[in-house]
Amino acid sequence: MSITELIQYARFIISKLLHPNIIHINNENGSNKFVLLSYITNPFRISPNNSRFKHHSNKWECRKIADIWLKHGYNIDVIDWNNTHFIPKRDYEIFIDIHSNMERLTPFLKNSKKILHITGAHWKFQNAAEMKRLSDLRDRKGFTLKPRRQVTPCNGIEYADCATILGNKFTQDTYAFSKKTLYPIHLSTAILFPHYEKDFTKIKKNYLWLGSTGMIHKGLDLVLEAFNQLPDYNLIVCGPVDKEKDFENAYFEELYRSPNIKTLGFVALDSKDFLDTIQNTVGLIYPSCSEGQAGSVISCMHAGLIPIISYESGVDTGDFGCTLSENTVDAIIEAVISLSLKSTEELKIMSYKSWSYAREYHTQEMFSKDYKAFVENILNKMETS
């Protein structure tokens, strides 16, 4: 760690002790302009070298957002997006929020430029989509599970002047009603993988499901049911299924007793288990019902996996993957068989294109470039208005 990074880290520790609910980062040029960033404070409380920065791209992205505003002459105050007690004690030229603080704090920040940083589909779409998945499961299998990805309703986009957004046309369309200007930002990734040479003849029937909380929301039920009808195809499940006991109990046979399904549980992306998995699988299956831009899909594309995903995953598949026509067991079965029937050469090309696309568009460098361009655009408009 450099001297500058050590000094910054020391400041973060002091800030934590003096102000446990807010991080203060002062611009070295003595500026009196301030940005209020309502996102996550955790990335500022730990070293950038901490392994937790590899668990989710939002930690690095949050710090990068603050860093870019710092370099444009602003001091930064950071609070957590779910901090419901913070009340501004100073004027802020810029206010950035990822969810409900936009609505809550707008009365205190009437002269601020208000920017919503959108990381998921609109709450109304997402909540309805998950509840429909649960209803479909009840009708299909005869049991009801708990929702786990419900978002607190808020009117953040209505109160914002504009928004940055992680996601493609799908995600953007869920906010189209607002008529607000949306600035697309490419999702970054925490880990880069080299381009692996794989024996596609050997692995062409091997697939991966990778996800976090919300097994039904992210379509693991559909994937398990599909592979239960595909005994000649293999599935590896990477995700914290043991944290959702109702789901685990409902799909215990498929998860732990099916000869063609192996459940690894939570797996760190830089672990040997995950490296072994991506080198021995041809594709990712991820039929999520609602995302901003699915980090698991981006991570697997960086590993050269061919994506079979839902439209609602928020990632474009171009000519190197498959966007499911519908999120059903039958559609997944059809897509899996279709992909595995391709020649070794076709699979090799698709894998390389998937990796290349991720390397071109979904990196920390691209996120930085996008967000820097956005900041300069906004500042230019503020100066000329």
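Student: Which elements do the buried residues of α12 pack against?

Tutor: Keep in mind that we are looking at a predicted model. The buried residues of α12 contact β8 (206-210), α11 (272-279), β11 (283-286), β12 (306-309) and α14 (344-361).

Student: Which residues of α12 are buried?

Tutor: Let's begin with a general idea about helices. An α-helix has 3.6 residues a turn, so residues three or four places apart point the same way. In α12, the buried residues are S296, V297, I298, S299, C300, M301 and H302. Because 7 of the 8 residues of this helix (295-302) are buried, α12 is largely enclosed by the rest of the structure. Just after α12, you can find G304 with a positive phi of about 80°.

Student: Next, strands. In what order do the 7 strands of the open sheet come?

Tutor: Follow them as β1-β3-β2-β4-β5-β6-β7, with mixed pairing. At the edges are β1 (23-25) and β7 (181-185), each of which pairs on one side only. On average, neighbouring strands in this sheet are turned by 20° against each other, direction ignored.

Student: How many bridges pair β2 with β4, and in which sense?

Tutor: There are 4 bridges, and β2 (residues 34-39) and β4 (residues 94-97) pair in the parallel sense. Look for L36, whose bridge partner in β4 is F95, and for S38, which stands opposite D97. β4 is also joined to β5 by 4 bridges, and these two strands run parallel. There, I94 stands opposite K113 in β5.

Student: Are the faces of β4 covered or open?

Tutor: Here is the general idea: in a regular strand the side chains alternate between the two faces of the sheet. In β4, I94 and I96 lie on one side and F95 and D97 on the other; all are buried, and both faces are covered.

Student: Which strands does helix α2 lie across?

Tutor: Helix α2 (residues 57-71) lies across β1, β2, β3 (75-80), β4, β5 (113-118) and β6 (162-166), and runs at about 170° to β2. Another helix to look at is α15 (residues 364-384), which lies across β4, β5, β6 and β7 at about 150° to β7.

Student: How many disulfides does a search of the whole structure find?

Tutor: A disulfide is a covalent bond between the sulfur atoms of two cysteines. The search finds 0 of them here. Take C62: its closest cysteine sulfur is in C162, and at 17 Å that is too far for a bond. C62 counts as buried because its relative accessibility is 0%. For C162, the closest cysteine sulfur is that of C154, but 16 Å is too far for a bond. C162 is buried too, with a relative accessible area of 3%.

Student: And empty space inside? Which residues line the largest cavity?

Tutor: Rolling a probe the size of a water molecule over the atoms shows where empty space is left. The count here is 1 cavity of 30 Å³ or more, and the largest cavity has a volume of about 50 Å³. Its lining includes E130, L134, K146, H217 and F247. α4 (123-141) and α9 (245-250) each supply at least two lining residues.

Key: Residues are numbered from 1 along each chain as its sequence is written. This is a predicted model: local features need pLDDT of at least 70, side-chain atom pairs count only at pLDDT 80 or more; totals for chains, interfaces and linings use all residues. Side-chain values use heavy atoms; hydrogens and water are left out. Buried means under 20% relative accessible area, exposed over 50%, partly exposed in between (1.4 Å probe, protein chains only). Contact means heavy atoms within 4.5 Å. A disulfide is a pair of cysteine sulfur atoms within 2.5 Å. Two strands pair if DSSP finds at least two bridges between them. Axes are lines fitted to C-alpha atoms, for helices over the stretch in contact, and angles run from 0 to 180 degrees between N-to-C directions. On a 1 Å grid over the protein atoms alone, a cavity is a set of points where a 1.4 Å probe fits but cannot get out, and a pocket is an open set with protein on both sides within 12 Å along at least five of seven lines; lining residues have an atom within 4 Å of a point. Grid points are joined across faces, edges and corners, and a volume is the space filled by probe spheres set on the points.
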